[in-house]
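Have the model open beside you as you read.

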Amino acid sequence: MEVTHSEVVHSAARELMVSSGSVDVKEQIRQAVDIVDLVGHYIQLRRQGRGYVGLCPWHDDSRPSLQVNPERQSFKCWVCDIGGDVFSFTMKMEGVSFREALEILAERAGIEIQARPAPEPGTPQAAGDKRTLFKAMAWAETQYHDYLLESPHAEPARRYLVERGITAESIEKFHIGFAPNQWQWILAKAETGQSQATSTRAKILEAVGLLGRRASGDVYDRFKGRVLFSIRDTQARPVGFGGRILPELSESNPAKYVNSPETKLFSKSRLLYGLDVARDPMRKSGTALVMEGYTDCIMAHQHGFANSVAVLGTALGEEHVRILKRFVDRVVLVLDGDEAGQRRANEVLELFIVQDLDLRVLILPDGADPCDYLQEHGGEAFQRLLDNEAVDALEHARRVAVRGIDLANDVHGATAALERVLAILAKAPRREGTAGFREEKILARLAHEFTVSEEEIRRRLTQLRRAARRPLVAPRHAPPPQQGGPSDQDDLGPGSHEPEEAAFRASDLHRAAAAEYEMLEVLIKRPDLLPEARAAIRPEQVTLAPCRRLYETFCRLSDEGMEPTFDRLMLEFDEPAQKAFLVELDESERTAAVEDAGPLLLEIIRSLKRLENQRQDPAQVAALKKQGLDDSQKQDLLLEMLGELRARHGISESTDG
């Protein structure tokens, strides 16, 4: 039975409620999703002692640095200083907000979570609600796909796909569809059997980019007369389309390809065609093949290259590289053999160098594109090209730099070419292992070709690297990873309403305020000692914001009659940095060997008191010097300072008369 547009709009409001408390929702999901199974879905894990280890997906890891603790249901990479629970792991791997991570894990566990009531179709908010937009896109994808398969009027589109060599299996796998050559076909489908105003349905379809609007105010089907390639996000949700005009309609519509416009769901700089079906093969092989066209990608899949994706009518960007790095450690950029293809390779080279991702460049022979080459020569020939002709990005940069230059006689040109290559190399971190060996080979070849000593080339490379060096601590006010705005967030607990916190490293916190850090380290392991800490240290006396926020949460949970255990605290925070801080405190061995943590906590409290007094002394002296205090106020302040000084040095007040 066909799902109506009205059902699409309303279905978001019919999700079931798991429990009455938002923390309960998080706890149920956390208990239902085992972190070993979750992490093992992305990387290979092996048993080590009471836990598991694997290669960290966020840095060039040659020995297992990622540790998974099944008892605590936490993970930690000490090299990256990243840690957390199932929520923060999903946020990091998928590049999504906390709310989206919660929904992904809830679906994985078969748990339905409560959502905010979906806006009524007749309200202005309906066209801005992302859940409504996702459901509208899923509905539209089905309509276009069914029309391609079933309508006699779609015969030209089916014939075109056969001519392009696209099989029926690929049509199903990639959800290919067809928009008939009619101005308002999709709007008419949405109107069928509905009572809502046409303007409301049009606004929703316009919001997802299916309808365009003329200056006169009339709407039209943006993709009329086009074969549609459905573009899905990493969760396999349709978010946009790429439309290819049928050849027989090209005279009246000269634009060969039309993509969805930027919407709340669709951003071409953050999406790759085919990633939803290629992600597992990519992760398994460790390599991604990046094509330039939809049919190139589909044809690669048909010939066994299931790790292929394509860009969406735009050049690869920084966000694309970050997405690829989540799944693979090597990318092969497969480009047409024309001059434009080689130019595009040069444009993206520095992006991969900066991200420290192994990039290979394959320029196809005779100006062919991947689709045509695969159809003409087959998968085995294409594999031989990948094996023998895909060159390392640094080697490609060297070849491009020296092309057309007489290195023996053109001193100026040779010097400029060498500087260009070294400037690119300088943007990569210092490499070790296989990657470092490749760099050494490039440097040796440059020394030979430019008749410059390797020592001089290395000296210049070191200078450029020092000049380009960035601070290790992430900048404050870094943008959040999620798409969309505040409307994406539901009421998920106390942590959900906090402003986006600047990224920080736990090791930096210890260097900045060791006593505050170590007090929290003791309390994580011995929450029963919290009363002693609270009797001496108020939350506002803690100077570092992440430490103060955690201490405040300790105190709040205790006031609410709950023991502030590690597990409970993990549920109180949504931010990955704060979760990583908790794992760091829990895993730290600084206080683990202390048999009796009570005396240690008292010593830490004394240290905190001394530090606070040191901060207060200058302020008190300044107050004494300040005009406006009468003699009585000055005497009171002096007595207060004297009492603090006695307490600091353990001197009891005199009882002599």
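R556 is partly exposed at a relative accessible area of 27%, where partly exposed lies between buried (under 20% relative accessible area) and exposed (over 50%), using a 1.4 Å probe and protein chains only. The side chain of R556 meets that of E560 in a salt bridge, 3.5 Å from N to O; the term stands for a side-chain nitrogen of Lys or Arg within 4 Å of a carboxyl oxygen of Asp or Glu. E560 is also partly exposed, with 46% relative accessibility.

This is a predicted model, in which local features need pLDDT of at least 70 and side-chain atom pairs count only at pLDDT 80 or more, while totals for chains, interfaces and linings use all residues. Residues are numbered from 1 along each chain as its sequence is written, and side-chain values use heavy atoms, leaving out hydrogens and water.

**The wider set**
- The structure holds 34 salt bridges.

**A link between distant parts**
- R72 and D586 form a salt bridge, their closest N and O atoms being 2.9 Å apart.
- This pair links distant parts of the chain, 514 residues apart: R72 is in the loop between β3 (66-69) and β4 (74-77), and D586 is in helix α25 (residues 576-587). Helices (H or I, at least four residues) and strands (E, at least two) are DSSP runs numbered from the N terminus.
- D586 is buried at 12% relative accessible area, whereas R72 is partly exposed at 26%.

- E155 and R158 lie three residues apart in helix α7 (residues 155-163), about one turn of the helix.
- Their salt bridge brings the closest N and O atoms to 3.1 Å.
- E155 is partly exposed at 36% relative accessible area, as is R158 at 24%.
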